[in-house]
Amino acid sequence: MKPWSKLQREVSKLFAEGLRLQIQCRAYRMASASGTTDLPRYWCTLGKDVIWDYPRDFGENATYYPYETDVSSISSLLREYIDMPTDQLLSFAFADRWQIVDILLAADRRIGKRRLPELKARLTHPGAIAIAATRWGREWEDAVPALEPASPPLPPLPEAAPGLADAPIATDSSLLRGLNS
């Protein structure tokens, strides 16, 4: 894996012009009576607001933090996103349980106005929606989300024979008498 500074530079090149978005990764040294360890942290800021933060936003998934972390997996996901062809960005199913791809998609300069409805249908993370609203403004609000492909219609239900619904239900075996002989 490349050093973080190189990966950060490559990710930042994807951001749309004028967007005050930054992605950071740091390891803070923690010293205790039983030894030292590093506390890794990833976070994204839009302007001065932190819109995404690992591990703070993912406490339930970070059971063994700081001894077992997802930092290398997040870095691998960023590399996978950078290397993905542009035409597959919105359709590819990234293994992203942190929703960092939503933030990258909202900020990616390779995704233009033509794909706004498709993007709007995909984004769920509040930080990503804030990025998209900042980036496109009124156009984002006016974009109608792309509809999911409709499933094939179900075949029509067969109609009951006329008058059959009004027929009395036999409670005795009178109807079966003719079948036994």
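These are my notebook entries on one protein structure, from its overall layout down to single residues.

**Entry 1: the whole chain**

I noted at the start that the model is predicted. I looked up the secondary structure and found 7 helices and 3 strands. Reading from the N terminus, I wrote the order down as α-β-β-β-α-α-α-α-α-α. I then checked how much of the protein is buried: the figure is 35% of its 181 residues. I also looked at contacts between residues with a separation of 6 or more, and 52% of these join residues 24 or more positions apart.

**Entry 2: helix 1 against helix 2**

I picked out helix 1, residues 4-13, and helix 2, residues 71-83. How do these two helices pack? Their axes lie 10 Å apart, at an angle of about 40°. I recorded the crossing of helix 1 past helix 2 as left-handed.

Next I listed the residues that make the contact. Helix 1 contributes Trp4, Leu7, Glu10 and Val11, while helix 2 contributes Ser75, Leu78, Arg79 and Ile82. I sorted the residues of this contact by type and got 5 nonpolar, 1 polar and 2 charged.

I searched the whole structure for salt bridges and found 7. Side chains of opposite charge can pair when their charged atoms come close. One of the bridges joins Arg79 to Asp83, with 2.9 Å between the closest N and O atoms. Where do Arg79 and Asp83 sit relative to each other in helix 2? They are 4 residues apart, so about one helical turn separates them. I noted that Arg79 also belongs to the contact with helix 1.

**Entry 3: a network of salt bridges**

I followed the salt bridges of Arg56 next. Arg56 pairs with Asp53, where the closest N and O atoms are 3.7 Å apart. Arg56 also meets Asp57 in a salt bridge, at 3.5 Å from N to O. I wrote down a network of salt bridges that links Arg41, Asp53, Arg56 and Asp57.

Asp57 is partly exposed, at 34%.

**Entry 4: two backbone details**

I looked up the peptide bond from Tyr54 to Pro55 and found that this bond is cis, with omega near 15°. Pro55 is in the loop between strand 3, which covers residues 49-54, and helix 2.

I then turned to Gln99. Its phi is positive, about 65°, although Gln99 is not a glycine. Which loop holds Gln99? I found Gln99 in the loop between helix 2 and helix 3, the latter being residues 100-107. Gln99 is partly exposed, with a relative accessible area of 29%.

Conventions: Residues are numbered from 1 along each chain as its sequence is written. This is a predicted model: local features need pLDDT of at least 70, side-chain atom pairs count only at pLDDT 80 or more; totals for chains, interfaces and linings use all residues. Side-chain values use heavy atoms; hydrogens and water are left out. Axes are lines fitted to C-alpha atoms, for helices over the stretch in contact, and angles run from 0 to 180 degrees between N-to-C directions. A crossing is left-handed if the near helix is turned anticlockwise from the far one by less than a right angle, and right-handed if clockwise. Contact means heavy atoms within 4.5 Å. Ala, Val, Leu, Ile, Met, Phe, Trp, Tyr, Cys and Pro count as nonpolar, Asp, Glu, Lys and Arg as charged, and the others, Gly among them, as polar. A salt bridge is a side-chain nitrogen of Lys or Arg within 4 Å of a carboxyl oxygen of Asp or Glu. Buried means under 20% relative accessible area, exposed over 50%, partly exposed in between (1.4 Å probe, protein chains only).
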